[in-house]
Amino acid sequence: MTYPTVRLSSVRTYAALLAGAAALALAACSPPTAKKVEAPAAAPAAPAASADKFVMPDVPAGDYTLDKAHASLEFKVSHMGFSRYTARFADFDAKLKLDPANPSASSIEATIDPKSLALNAPPAGFKEELTGKAWLDSALYPAITFRSTKIEVTGANTAKVTGDFSLHGVTKPVVLDVTFNGGYAGHPMDPHARVGFSAKGVFNRSEFGMGFGVPAPGSTMGVGDAVDVTIEAEFSGPALAKAPAAAPAQ
């Protein structure tokens, strides 16, 4: 691209969950000489799912580790208003403490290696520049971290997870909108509990000391400040309990 400062900022953004139906009853009208028959009262609508009731399958409480083969961490940023430039980190890990009976008491910690930044067809030296002193400064700040501080259940399978996000030596709160995709206690071919989540969040990179190339107010000439983060993750948990031994034959 012909604008060096714009190209240099194209990836500076590395490091960003029911309604009721109304029923109408029609009164049946009989001939004039017949007694009018009242239509039966409509059954009350089923209550909406309680926002504080998380629907959790039969999975055990305990420590869960990230299944890196089934996880991804991508981010997007506006490139001059023309596209949503997409990149990702290839090396990251997470640990989940899950309390199925009380999801709000769960917690998660994640760590990202900034040197694992993966770009789409980068020019020679571009990745090194982005992970160098001018930007991520991965030598001085070798890890990007997220530690949850609050989990607020918002629906049957959704929650807002607030945490301390540390990037480029700056720590600020970031909120992730998380969807619980399901889980099980184990399977003969996967003898550990498994749960899966999708998450999205957004933060402004300028708040973390990486504001180079942010467009001037009213302009899109540059790389957007807002970083949109998308996470897909599966976690493996406690081992599947063994079936009880059969009683001896009498």
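Student: In this predicted model, which strand holds Ser166?
Tutor: The model is a prediction. Ser166 falls within residues 158-167, and that stretch is strand E7.

Student: Is Ser166 buried or exposed?
Tutor: Buried means under 20% relative accessible area. Ser166 has a relative accessibility of 19%, so Ser166 counts as buried.

Student: Which residue has a side chain joined to that of Ser166 by a polar contact?
Tutor: Leaving out residues up to four places away in sequence, Ser166 touches Ala143, Ile144, Thr145 and Thr171. The polar contact between side chains spans 2.5 Å, and the partner of Ser166 in it is Thr171.

Student: How many bridges join strand E3 to strand E4?
Tutor: E3 (residues 92-98) and E4 (residues 107-112) run antiparallel. One of the pairings is Phe92 with Ile112 in E4. The number of bridges joining E3 to E4 is six.

Student: What lies 2.9 Å from a polar atom of the side chain of Ser106?
Tutor: Ser106 sits in the loop between E3 and E4. With a relative accessibility of 9%, Ser106 counts as buried, because buried means under 20%. Its contacts beyond four places in sequence are Lys97, Leu98, Asp99 and Ile151. The atom at 2.9 Å from the polar side-chain atom of Ser106 is the backbone nitrogen of Asp99.

Student: What distance separates the C-alpha atoms of Arg88 and Phe75?
Tutor: Arg88 belongs to strand E2 (residues 83-89) and, at 36% relative accessibility, counts as partly exposed. Its contacts beyond four places in sequence include Leu73, Glu74 and Phe75, as well as Ser116 and Leu117. Arg88 and Phe75 are 13 residues apart along the chain, and their C-alpha atoms are separated by 5.9 Å.

Student: Which residue forms a salt bridge with Lys68?
Tutor: Side chains of opposite charge can pair when their charged atoms come close. For Lys68, the closest N and O atoms of the pair are 4.0 Å apart, and the partner is Asp93.

Student: How many residues apart are Asp228 and Arg84, whose side chains meet in a salt bridge?
Tutor: The N to O distance in this salt bridge is 2.2 Å. Asp228 is partly exposed at 28%, and Arg84 is partly exposed at 42%.

Student: What is the N to O distance in the salt bridge between Asp177 and Lys160?
Tutor: Both residues are partly exposed, Asp177 at 30% and Lys160 at 34%. The side chains meet with an N to O distance of 2.5 Å.

Student: How many salt bridges does the structure hold?
Tutor: Among the residues involved, Asp67, Asp190, Arg194 and Glu234 are linked in a network of salt bridges. The number of salt bridges in the structure is eight.

Terms used
Residues numbered from 1 in each chain as written. Predicted model: local features only at pLDDT ≥ 70, side-chain atom pairs only at ≥ 80, totals over all residues. Heavy atoms only, no water. Helix = DSSP H or I, 4+ residues; strand = E, 2+ residues; numbered from the N terminus. Buried < 20%, exposed > 50% of the residue type's maximum accessible area, 1.4 Å probe, protein only. Polar contact = N/O pair within 3.5 Å; in protein donor to acceptor, adjacent residues only side chain to side chain. Contact = heavy atoms within 4.5 Å. Pairing = 2+ DSSP bridges.
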